[in-house]
Amino acid sequence: MATPLEGVSKLVEVMRRLRGSDGCPWDREQTIQTLKPCLLEETYELLEAMDGNDLALHVEELGDVLLQVVFQCAIRE
């Protein structure tokens, strides 16, 4: 089983591949500006999950927000 740090490293690798020249066209087209609505939506979903008692949903929404953070980092590289 991967450690949390290894998991984040894998996520960063995947995002770099998706944004690479042979990656996903949609991911390559995204900018900081186009990701604003995505981050806002994911943040609201996380806040809703935090109000409930569903641990799995909370973890899922944290992952979605983490993906947005990694996505923006990849753009800024």
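**Entry 1: helix α3.** I began with the buried residues of α3, where buried means under 20% relative accessible area, exposed over 50% and partly exposed in between, with a 1.4 Å probe and protein chains only. They are Ile32, Leu35, Glu42, Leu46 and Ala49. I note that this is a predicted model, in which local features need pLDDT of at least 70 and side-chain atom pairs count only at pLDDT 80 or more, while totals for chains, interfaces and linings use all residues. Residues are numbered from 1 along each chain as its sequence is written, and side-chain values use heavy atoms, with hydrogens and water left out.

I then checked the length of α3. Helices here are DSSP runs of H or I with at least four residues, strands are runs of E with at least two, and both are numbered from the N terminus. The expected span of a helix is 1.5 Å times one less than its number of residues. For the 20 residues of α3 (residues 32–51) that gives 28 Å, and the end C-alpha atoms are 28 Å apart, so the two agree.

**Entry 2: α3 against α4.** What do the buried residues of α3 pack against? They pack against α4 (55–76), with contact meaning heavy atoms within 4.5 Å. I looked up the axes next; these are lines fitted to C-alpha atoms, for helices over the stretch in contact, and angles run from 0 to 180 degrees between N-to-C directions. The axes of α3 and α4 come within 8 Å and cross at roughly 160 degrees. That makes α3 roughly antiparallel to α4 (under 35 degrees counts as roughly parallel, over 145 as roughly antiparallel, 65 to 115 as roughly perpendicular and the rest as oblique).

On the α3 side I listed the residues that meet α4, including Cys38, Leu39, Thr43 and Met50; on the α4 side, among them are Leu57, His58, Leu62 and Ile75. The residues of this contact divide into 12 nonpolar, four polar and five charged. In that count Ala, Val, Leu, Ile, Met, Phe, Trp, Tyr, Cys and Pro are nonpolar, Asp, Glu, Lys and Arg are charged, and the others, Gly among them, are polar.

**Entry 3: Gln68.** I picked out glutamine 68, which lies in α4. Is glutamine 68 buried or exposed? Its relative accessible area is 8%, so glutamine 68 is buried. Leaving out residues up to four places away in sequence, glutamine 68 touches Leu35, Cys38, Leu39 and Glu42.

**Entry 4: α4 and α1.** The other buried residues I noted in α4 include Glu61, Val65, Val70, Phe71 and Ala74. What covers the buried residues of α4 includes α1 (4–19), α2 (25–29) and α3. The axes of α1 and α4 come within 10 Å and cross at roughly 55 degrees, which makes α1 oblique to α4. Val8, Leu11, Val12, Met15 and Arg19 of α1 make the contact with Leu66, Leu67, Val70, Phe71, Ala74 and Ile75 of α4. I count 10 nonpolar residues there, no polar and one charged.

Leucine 5 is also in α1, but at 64% relative accessible area leucine 5 is exposed.

**Entry 5: the whole chain.** I finished by zooming out: the protein chain has four helices and zero strands. Its C-alpha trace spans about 40 × 35 × 15 Å along the principal axes. Of its 77 residues, 19% count as buried.
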